[in-house]
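Open the model in your viewer and keep the selection tool ready. We will go stop by stop.

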Amino acid sequence: MSKKRGLSLEEKREQMLQIFYESQEFFLLKELEKMGPKKGVISQSVKDVVQSLVDDDLVLKDKIGTSVYFWSLPSCAGNQLRNTYNKLESDLSNSRKRYMDLVEHRDNLKRGREDSEEREAALEELKTVELHHKKLKEELAAYADSDPAAVEAMSMRWPLYTTLV
């Protein structure tokens, strides 16, 4: 005895779309739950499958009074695909334009930075000056305790400190 395998979610979605495309009518959820088992989709999962189709804009729904109607036409899917295609084409062209702008900007930045003896000497001098600056900062930090401005600031904060000193 082999168990009958159920349909996957994607297969259920295809079957439910076929219901809409074949009849080209609008349906209530109750009607879809009755038609679903004829296509192999159990009635308990029809609501979830239809909702996933609505979320993906493959099926349209509208509430009229107290009833919720669902419908989908083959042309709707084609229009959706065309809109998605146009949007992706637009994004691609914008990305290509941005890429070309960035390449041009990079090339502009590279100009004047070509390796030369003059540039190498300037970079070496810059490194030397930065090292000297760093050493001077460290030396200054060592004498920071004796800084008259720092002592004055402490005396303003703590009057007792000035009497002790």
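Are Phe20 and Phe27 buried or exposed? Select the two residues: both Phe20 and Phe27 are buried. Buried means under 20% relative accessible area, exposed means over 50%, and partly exposed lies in between (1.4 Å probe, protein chains only).

Before moving on, note that this is a predicted model: local features need pLDDT of at least 70, side-chain atom pairs count only at pLDDT 80 or more, and totals for chains, interfaces and linings use all residues. Residues are numbered from 1 along each chain as its sequence is written, and side-chain values use heavy atoms, with hydrogens and water left out.

**Stop 1: the aromatic rings**

A search of the whole structure finds two aromatic pairs. Phe20 and Phe27 make one of them: the ring centres are 5.6 Å apart and the planes meet at 70°, so this pair is edge-to-face. The rule takes rings of Phe, Tyr and Trp (its six-membered ring) with centres within 6.5 Å; planes under 30 degrees apart are stacked, over 60 edge-to-face, and the rest tilted.

Now select Phe26 and Tyr69. They also pair edge-to-face, at 5.3 Å centre to centre and 80° between the planes. Phe26 sits in strand E1 (residues 26-28) and Tyr69 in strand E3 (residues 67-71), so the pair ties together parts 43 residues apart in sequence. Phe26 is exposed, with a relative accessible area of 54%. Helices (H or I, at least four residues) and strands (E, at least two) are DSSP runs, numbered from the N terminus.

**Stop 2: the sheet**

Switch to cartoon view. Three strands form an open sheet in the order E1-E3-E2, with antiparallel pairing. E1 and strand E2 (60-64) stand at the edges with a single partner strand each, so one side of each has no neighbour in the sheet. From one strand to the next, the twist averages 30°. Axes here are lines fitted to C-alpha atoms, for helices over the stretch in contact, and angles run from 0 to 180 degrees between N-to-C directions.

Zoom in on E1 and E3. Three bridges join these antiparallel strands. Two strands count as paired if DSSP finds at least two bridges between them. Pick Leu28: its bridge partner in E3 is Tyr69.

**Stop 3: the charged pairs**

How many salt bridges are there? The count comes to six. Each is a side-chain nitrogen of Lys or Arg within 4 Å of a carboxyl oxygen of Asp or Glu.

Select Glu10 and Arg13. Their side chains meet in a salt bridge at 3.7 Å, N to O. The two are three residues apart in helix H1 (residues 9-23), about one helical turn. Glu10 is partly exposed at 46% relative accessible area, whereas Arg13 is buried at 10%.

Next, take Lys39 and Glu22, whose side chains form a salt bridge at 3.1 Å, N to O. This pair links distant parts of the chain: Lys39 is in the loop between helix H2 (29-35) and helix H3 (43-55), and Glu22 is in helix H1, 17 residues apart. Lys39 is partly exposed at 26% relative accessibility; Glu22 is exposed at 54%.

Finish at Lys87 and Asp91. The closest N and O atoms of this salt bridge are 3.1 Å apart. The residues lie four apart in helix H4 (residues 74-110), about one helical turn. Lys87 is exposed at 51%, and Asp91 is partly exposed at 33%.
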